[in-house]
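Subject: Structure handover

Hello,

Here is the structure we talked about. Notes on the helices, their packing and a few single residues follow below it.

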Amino acid sequence: LVPSIIISKLIRKKITSEDQLTSAIIKEMGYSTVVEESRRLDISVQEFLALSVGTIRGIESQQNG
């Protein structure tokens with residue numbers, strides 16, 4: 001959902017709070033892009049962000065595991 005270059009940036013920042021990570025995703029991608037991608041996938045913005053946070057946390061755990 002989130003482009004890999006943005007995922008790399010966010011992982012390097014080591015953001016611990018899900019709320020802060022959600023805000024960082026919106027900041028990096030731009031709110032209009034988040035809305036457009038949500039519509040394209042036919043999911044809500046909240047679902048898009050939750051899936052994005054989950055994806056980033058999953059990648060982090062694989063790298064740390």
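A helix here is a DSSP run of H or I with at least four residues, numbered from the N terminus. By that rule, isoleucine 5 has its place in helix H1. Please keep in mind that this is a predicted model.

Helix H1

H1 covers residues 4-12. Its buried residues are Ile6, Ile7, Leu10 and Ile11. These four cover an arc of only 135° around the axis, and therefore they sit on the same side of H1.

Isoleucine 5 counts as exposed because its relative accessibility is 59%, and the cut-off for exposed is over 50%. From isoleucine 5 to isoleucine 43 there are 38 residues in sequence, and the C-alpha to C-alpha distance is 23 Å.

Packing against H4

How do H1 and H4 cross? Their axes come within 10 Å and cross at roughly 65°, and the crossing is right-handed. From H1, the residues Ile7, Leu10 and Ile11 take part in the contact, and they meet Ile56, Ile59, Glu60 and Gln63 of H4. By type, the residues of this contact are five nonpolar, one polar and one charged. Ile7, Leu10 and Ile11 also belong to the buried residues of H1.

Helix H2 (residues 18-29) packs on H4 (residues 45-64) as well, at an angle of about 105° and with the axes 10 Å apart. The two helices are therefore roughly perpendicular to each other, since angles of 65 to 115 degrees fall in that class. On the H2 side the contact is made by Glu18, Leu21, Thr22, Ile25, Ile26 and Met29. Their partners in H4 are Phe48, Leu49, Ser52, Val53, Ile56 and Arg57. Eight residues of the contact between H2 and H4 are nonpolar, two are polar and two are charged. Ile56 of H4 is listed in the contact with H2 and also in the contact with H1.

Serine 38

Is serine 38 buried or exposed? Its relative accessibility is 2%, so serine 38 counts as buried; the cut-off for buried is under 20%. Serine 38 lies in helix H3, which spans residues 31-41. With neighbours within four places in sequence left aside, serine 38 is in contact with Ile43, Ser44, Val45 and Phe48. Phe48 is also one of the H4 residues that meet H2.

Two positive phi values

Most residues other than glycine have a negative phi. Which phi values do lysine 14 and aspartate 42 have? Phi of lysine 14 is positive, near 50°, and phi of aspartate 42 is positive too, near 60°. Lysine 14 follows H1 and is found in the loop between H1 and H2. Aspartate 42 lies in the loop between H3 and H4. Lysine 14 has a relative accessible area of 65% and is therefore exposed. Aspartate 42, with a relative accessible area of 70%, is exposed as well.

Regards

How values were computed
Residues numbered from 1 in each chain as written. Predicted model: local features only at pLDDT ≥ 70, side-chain atom pairs only at ≥ 80, totals over all residues. Heavy atoms only, no water. Axes fitted to C-alpha atoms, helices over the stretch in contact; angles between N-to-C directions. Parallel < 35°, antiparallel > 145°, perpendicular 65-115°, else oblique. Contact = heavy atoms within 4.5 Å. Nonpolar A, V, L, I, M, F, W, Y, C, P; charged D, E, K, R; others polar. Left-handed = near helix turned anticlockwise from the far one by under 90°. Buried < 20%, exposed > 50% of the residue type's maximum accessible area, 1.4 Å probe, protein only. Arc of directions from axis to C-beta.
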